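Here's a quick tour of a two-chain model, written for someone who likes the cut-offs spelled out. Have the viewer open as you read.

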Amino acid sequence: MLEAVQRANIVYSETVGPEQFGIIQKPLTLAEKIYNQTWLRKVFIIVALAAAWQLYGVWLDNPLLVPTFADTVRALVEDVANGTIPNRALSSIEVLLVGFATGTLLAGLLTVFAISTRIGTDFLETMTAMFNPLPAIALLPLALIWFGLGAGSLIFVLVHSVMWAVALNTLAGFRSVSTTVRMVGRNYNLSGLRFVAKILIPAAFPSILAGLKIGWAFAWRTLIAAELVFGVSSGQGGLGWYIFESKNQLNIPEVFAGLLTIILIGLAVENVIFRFIETRTVQRWGMQS
Amino acid sequence: MASGATLASSSAFSGAATVRPTSAGRAAAGSDPATPLLDVRGVTIQYKTQAHLVTATYRVGFNVLQGDRFVLLGPSGCGKSTLLKAVGGYLQPTEGEIRLKGELIRKPGPDRIMVFQEFDQLLPWMTVLGNVVFPLKTTGTLDVKAAYERAMHYIEKVNLTKFAHSYPHTLSGGMKQRVAIARGMAMEPDILLMDEPFAALDALTRTRMQDELLGLWDDTQFTVLFVTHSIPEAIKIGSRILLLSPHPGQVKAEINSVPRGQESSNEAAALGREIHDMLFADQIEEAPNA
């Protein structure tokens, strides 16, 4: 009896309408919105750095050690206008793309081989353990003997710098694909290369993309360093050679302009190309925030 | 032998009309004029871990008929998920055989679509529609246009038309499971294999999903093999329930559940208690925690 009474004993309470309480949702202020823009914050940092550089350059007043930011920009604009820098950059990028593409392709083949057989996995692991810590530039003397002065040697060291980083990340990505997703793929009769293409690659895409970014950075560094070492091969060298040449002629603003170009190209690739791929893929898929 | 063990335990509940000892149950199914869709016979499954050889199930047998809602019920460690994976073709039994429509199951295939418990079973790089269309296209079941039409039809059935172009990471857990069910049903497989699909959902969503699944079944009468460790869920979802004992999984009883829509009746409650008693008869030390 008591139990029944207790069960029926419900205390109702009123809920109030939205007019009774304060803010549920309110737009942010303009300052907050501006501060939330990542690219604006980054631009601010770059502007601050440029300003600091300019001030230091003016204060030091020794253009042979540190030319001012304005001088550097002037040299940059001049050499871009007369076509020197674009030509040099283009010849660098050309070699770079060939090396990067070849390295990525080889990494892909190696990884597919690695996931399909045990001995393949062991092979890739051993090779990456051996060659990933080896600076690609250390192979340049050998490459020069094997391939001579020219694009061949450059591409060889580039492939070496790209391949291991990309293969390592891709393999790690393939391995981290969840058992459930694998079982889903097998449920639809996917196997072999179709399984790799339709399940593993998209599922491991965040890792693959990270590998490509690292590979790109490695390749870019290796290329400039290699060009600084032997630079000119056929007709004209790349950006590394441009820096080396300018230094020999004591055109220090040009040296800085060359460095700035390398930085700008790196920034553009990172923030335009890779960012574009990221927003279209891993971010849209919710695999990366 | 499996039948010996089950007979011994079944004597305790011989009064219940809905519970049949396994051997009798199997005989009844065998004499049924309809040939079983899925025929599991004397299946022992063993797998190796780093240090042990584990026997997951021991000589389990059952038949699933066309249109059955067949539930594998048992505590954790009874090998019910392993059994389901074997039906899916992901594991090979060490003994016995599993036949679908008389064909021996050797590997996974689109005639048996799995619905998993994990939310990551949806492919994150495709929209809801893409996910449902994907198996239809890759297996070559339908041409592109027909595949999209059928996918939309099943997405509508699980009430996700508005979200057809959303990516999985923007959906709630219940919605993800609905997409997985739609994806499975769109393939119109011979049998849908569901591995505790609602176990990771909150209680309210789970109840709603169970009702929706039954609603879908009323529509198309698909055959489903459903794994759960929840007694109320088994009674509600299943038309037939196979009760498994743990370590290793052996058949304890095969049960006809209460009719559709009577899952809150006294009869269902009594059946639930009986199943509970059977499950915990031989593991008293665990009962207080349950």
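Predicted model: local features only at pLDDT ≥ 70, side-chain atom pairs only at ≥ 80, totals over all residues.

Residues are numbered from 1 along each chain as its sequence is written, while chains are lettered from A and ligands numbered from 1 in the order in which they are written.

Let's start with chain B. It has nine helices and 11 strands; these are DSSP runs (helices H or I, at least four residues; strands E, at least two), numbered from the N terminus. Of its 290 residues, 44% count as buried, meaning 20 or more other C-beta atoms, placed from the backbone, within 10 Å of a residue's own. Among contacts (C-beta atoms within 7 Å) between residues at least 6 apart in sequence, 69% join residues at least 24 apart.

Strand S9(B), residues 224-228, has five of its five residues buried, so it is largely enclosed by the rest of the structure. B:Val224, B:Phe226 and B:Thr228 point one way, and B:Leu225 and B:Val227 the other. Here are some strand pairings (a pair needs at least two DSSP bridges):

| Strands | Bridges | Direction | One partner pair |
|---|---|---|---|
| S10(B) and S11(B) | six bridges | antiparallel | B:Leu242 and B:Glu254 |

Strand S11(B), residues 250-256, is mostly covered, with six of its seven residues buried. The hairpin of S10(B) and S11(B) has four residues between the strands, and B:His247 there takes a positive phi near 50 degrees.

Now for the two chains together. Their contact takes 19 residues from chain B and 16 from chain A. On the chain B side, strand S7 (112-115) and helix H4 (128-138) are the elements giving two or more residues.

Finally, a helix pair in chain A. H7(A), residues 140-147, and H8(A), residues 151-175, pack at about 140 degrees with their axes 8 Å apart; axes are lines fitted to C-alpha atoms over the stretch in contact, and angles run from 0 to 180 degrees between N-to-C directions. The two are therefore oblique to each other, since angles under 35 degrees count as roughly parallel, over 145 as roughly antiparallel, 65 to 115 as roughly perpendicular and the rest as oblique. Residues that meet include A:Leu140 and A:Phe147 in H7(A), and A:Gly152 and A:Phe156 in H8(A).

Note on methods:
Buried ≥ 20, exposed ≤ 12 C-beta atoms within 10 Å, placed from the backbone. Contact = placed C-beta atoms within 7 Å.
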